[in-house]
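Hi,

Here is the structure I promised to pass on. My notes on its charged and aromatic side chains follow below.

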Amino acid sequence: MIVVFLGIPGSGKGTQAKRLAKLLDVPYVGTGDILRDNVAKKTPLGVKVSQIMKNGELVDDETIIELIKSEIKDKPSFILDGFPRTVAQANALENLLSGFGKKVDCVIFLDVSDEEVVRRITGRVFCPGCRREFNLYTDGLKEEKCPVCGGELLRRSDDTPETIRKRIGEYRTKTAPLIEYYKTRGALNRIDGSGAVGEIFSRIREALDNKFKRQTAN
Ligand code: AMP
């Protein structure tokens, strides 16, 4: 099964995609995490994309498509988070998969209001020690300390107000057209992305169950 998560930065894609990957026991492929890892390790790719990410801009299609090719080549099933982000990337993915007689089975589009997105991003923190992610507001943390290991919680370097505005702009012009793209292919599932993490996850599971039932009935 190949599932793509689509949504504005801060919509909760990463949290939900990781949860689904765990439940289905399939690999989670998140381009943002892979790139951040490369930046931290100062690999040639990391050095190339570091400033682009800090600016809140999208990395060029060619670089990202090369990256995704090597990530998915040996994986029969996976959950994609943060890819595709442009129509060119979606076309490349479609071509790549059709070579293996496959396609994107389901796109989960997390629909969240602008106010909620800003609230979520400004509360987003992570623990560099145990690498867990939290939200100061939705997880109700009273101090910026990791509730699991006690480490100092940090914010992502691209979660500043200015960069967030830029990333939302990039999403609207380059990524939002993918909603229509996947709608016309009958793969889009719009999910209400408001509420608690568990509630949203139940909606995603329900959408996947229904889709799977429809597929087996056909
Ligand atoms: P994310 O963690 O998914 O919000 O991604 C963080 C940053 O990584 C983005 O703001 C982009 O700079 C870069 N990035 C991640 N995925 C892609 C992609 N598919 N295309 C272009 N840039 C990407």
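Let me start with K18, which is partly exposed at 27% relative accessibility. K18 makes a salt bridge with D33, with 3.1 Å between N and O. D33 belongs to helix α2 (residues 31-40) and K18 to helix α1, so this pair ties together parts that lie 15 residues apart in sequence. D33 is partly exposed too, with a relative accessible area of 26%. Please keep in mind that this is a predicted model.

The count of salt bridges comes to 23. Another of them joins D114 and R172, at 2.8 Å from N to O. Here the link is between distant parts of the chain, 58 residues apart: D114 sits in helix α6 (residues 114-123) and R172 in helix α7 (residues 161-175).

R167 and D158 also form a salt bridge, their closest N and O atoms being 3.9 Å apart. Through shared partners, salt bridges join R124, R156, D158, D159 and R167 into one network. R167 is buried, at 9% relative accessibility, and D158 is buried at 8%.

K13, in helix α1, may interest you as well. K13 is buried but has no salt bridge: the nearest side chain of opposite charge, D81, is 4.2 Å away, and a salt bridge needs the nitrogen within 4 Å of a carboxyl oxygen. D81 is still among the residues that K13 touches, along with F5 and L110.

Lastly, the structure has 1 aromatic pair.

Best wishes

Notes. Residues numbered from 1 in each chain as written. Predicted model: local features only at pLDDT ≥ 70, side-chain atom pairs only at ≥ 80, totals over all residues. Heavy atoms only, no water. Helix = DSSP H or I, 4+ residues; strand = E, 2+ residues; numbered from the N terminus. Buried < 20%, exposed > 50% of the residue type's maximum accessible area, 1.4 Å probe, protein only. Lys, Arg positive; Asp, Glu negative; His and termini not counted. Contact = heavy atoms within 4.5 Å. Phe/Tyr/Trp six-rings, centres within 6.5 Å; stacked < 30°, edge-to-face > 60°. Lists of a residue's contacts leave out its neighbours within four places in sequence.
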